[in-house]
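Please read the points below alongside the model. They are meant for someone who has not looked at this structure before.

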Amino acid sequence: MATYVEIVRSEFPEIDSEVFDYITGVLDCGGADFVDGEEVFEAVGGVLQGVSADSKNEDDIRDICQQMFNTLKLNDCNSAKQQVLLDAPVQLSALSSARDCGTASNDIQGIWMIKRGQNSKAVDAKRLEKAEAKLKAKHERRTEKDSQKVTVPLVLEEASASQASNRKDTRIETSGKNKTYDIRIENFDVSYGERSLLQGAEVTLSYGRRFGLVGRNGLGKTTLLKMMASRSLRVPTHISILHVEQEVAGDETPALQSVLESDSVREGLLREERELNTRISNGQADGMESVKLTEVYAKLEEIEADKAPARASVILAGLGFSAKMQQQTTKEFSGGWRMRLALARALFAKPDLLLLDEPTNMLDVKAILWLENYLQTWQSTILVVSHDRNFLNAVATDIIHLHSQRLDTYRGDYENFVKTKEDRQKSQLREYEAQKQYRDHIQVFIDRFRYNANRAAQVQSKLKLLEKLPELKPVEKEAEAVLRFPDNFEKLSPPVLQLDEVEFYYSPDRHIFKNLCVSADLESRICIVGENGAGKSTMLKLLMGELSPVSGVRQGHRNLKIGYFSQHHVDQLDLNVNSVELLLNKFPGRTEEEYRHQLGGYGITGELAVRPVASLSGGQKSRVAFAQMTMPCPNFYILDEPTNHLDMETIEALAKALNKFKGGVVLVSHDERLIRMVCKELWVCENGTVRRIDGGFDEYREILQEEFRKEGYL
């Protein structure tokens, strides 16, 4: 009877050698395991169908597989006859020694004794090279296909705004008679892609007042600022707008000069002064230069141009620029410092409408405290998006609340807004319940006497009364933000994590830390504060073991599992995929329900979970980063600026979750409310070491205020 090798050769004479080797290899290795011809078909039938190029149908392939199965069984029977039952166990060591002495019988053989012969089959180099080339080409095609697939969603959605025209306002604007600096934008819509963010909204910004724009993540606060800055929403043309959005470009301009150049009026007058003086000194004057020069000097004196460098220097110093840094070129600064430069330029230019989007994200506690004091004396209008509760309490005179696709304005700071909103909701709830009770009372009467002929007129009257009543809408309440950090792990005995006599530097001439000694355990709630550049993030990396000390020791418990949240978390996320795919790529092998459940615990639910990460708001990206960080269930969290972009409700939920968490927490934060709610210890990072402040944040704030008074920044 023909063997399965001969059957394959005869039935498929033009079969590729690699496919032939694959099929015979499968039958060689699994021959004893096949129960019937159907299992052989399941193993190699699909491959044979492809080889046949439709010359054989499925029934033909099944018949061939049955023939091969029969030959496999016949071989098994022949091999079974050759099997011998041993009388006693074979000692391998004895066999080996006997063979060495030449006393072993010729029929006792084993794979460990057989030497590879000279003529044994070797790997075909050409065939191997051909197979590797095919695999490489397949991988490249798949990579190209993936890259084409993921680049599409990034350009799908764009923000847009529309506004109903007002003939009266248009007429006043075109006539040039509109001299007011109050801004009133009525009946406008804002959308992002197909999602409507605002419908029929209106907002009034009175000149000289400071407005805080608040609302949940992803509702459109940043988009609204962009629409106003681009004048997609109608703002009077005589009102200057400055939106601090992009960092300053890096070039050879010194930081101080970059700030001075933001005042276009002063720069224009100085340029004109230089041109006039040049013409006079070159003898090209026509007699009018002296008059013009006098006018220029008068204007420069009027705007106090001589005091501008000092004012710019004070602003830069308040935002953390030392005297040496103020003379450095802008290209020498990192992105974070260039954003501070952009903020300094905006503060120095004094636009009629200043738009700030999360200005505290790029600042340390000291700079935030200075900015609070500086903005309290601001003369023109400010609209600031911020999730820092204490910053809004210090700066805002009014709060604009974005919710339910509309804008509601409240007088007072954030605390007053919270109280007023709660009172308003209680009043609305009472009114709703009273109206509902009144409607129910009428409906009971109608239902009782609907079929009573004597009361027909009264029933009809009640029905008409119900129809005339305004539509009853339940009070809208925002869903409570809830975060939870899993803590199903065993307790670790201290010390859990410590740095002992650690010295660290990036270059020997500038030490970051000397003799650093800190420790933390599962009970720790430690907050680290300090100026930018003092080494806070470096210390976190030393604690995690990402950086090795130059000298000293880092000790961590053998069962320590750290979860790390970076202040640049967006850089760690793949923006080209959706949130579910992000977790799938990071933690493969789980069901989609598990990934969705994990994301749902951080507010990324429904359609949000399958939207490209690039299209999510800053706060929503932070939530995705939290979901990714907590997936492996760490027992110790190291968080670097975790509140950046999070709305206030989520910051509160984060504080509560960290307090309930049974593991250890070390965090760097500039958010005063989070520090007060969570931290039991406050560490200040300065002068190459870390010291503990026993008086907590209140003592630290007093120290900073005293520094400002001494340095004359306030």
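1. The lining of the largest cavity is made up of seven nonpolar, two polar and four charged residues. The model is a predicted one, and the space in this cavity comes to about 80 Å³. Of the 13 residues that line the cavity, Val-365, Ile-368, Glu-672, Phe-697 and Arg-701 are the closest to its centre.

2. Which elements give two or more residues to this lining? They are helix H15 (365-375), helix H16 (389-395) and helix H25 (696-711). In total, the structure has five cavities of 30 Å³ or more.

3. Helix H12 spans residues 308-318, and its buried residues are Ala-308, Ala-312, Ile-315, Leu-316, Ala-317 and Gly-318. An α-helix has 3.6 residues a turn, so residues three or four places apart point the same way.

4. What do the buried residues of H12 pack against? Their partners are helix H9 (255-260), helix H10 (264-281), helix H13 (323-326), helix H14 (335-349) and H15. Just after H12 comes Gly-320, which has a positive phi of about 105°.

5. The last point concerns a pair of strands. Strand E10 (residues 497-507) and strand E11 (residues 510-520) run antiparallel and are joined by seven bridges. The two strands form a hairpin, with two residues between them. Phe-504 has Phe-513 in E11 as its bridge partner.

Key. Residues are numbered from 1 along each chain as its sequence is written. This is a predicted model: local features need pLDDT of at least 70, side-chain atom pairs count only at pLDDT 80 or more; totals for chains, interfaces and linings use all residues. Side-chain values use heavy atoms; hydrogens and water are left out. On a 1 Å grid over the protein atoms alone, a cavity is a set of points where a 1.4 Å probe fits but cannot get out, and a pocket is an open set with protein on both sides within 12 Å along at least five of seven lines; lining residues have an atom within 4 Å of a point. Grid points are joined across faces, edges and corners, and a volume is the space filled by probe spheres set on the points. Helices (H or I, at least four residues) and strands (E, at least two) are DSSP runs, numbered from the N terminus. Ala, Val, Leu, Ile, Met, Phe, Trp, Tyr, Cys and Pro count as nonpolar, Asp, Glu, Lys and Arg as charged, and the others, Gly among them, as polar. Buried means under 20% relative accessible area, exposed over 50%, partly exposed in between (1.4 Å probe, protein chains only). Contact means heavy atoms within 4.5 Å. Two strands pair if DSSP finds at least two bridges between them.
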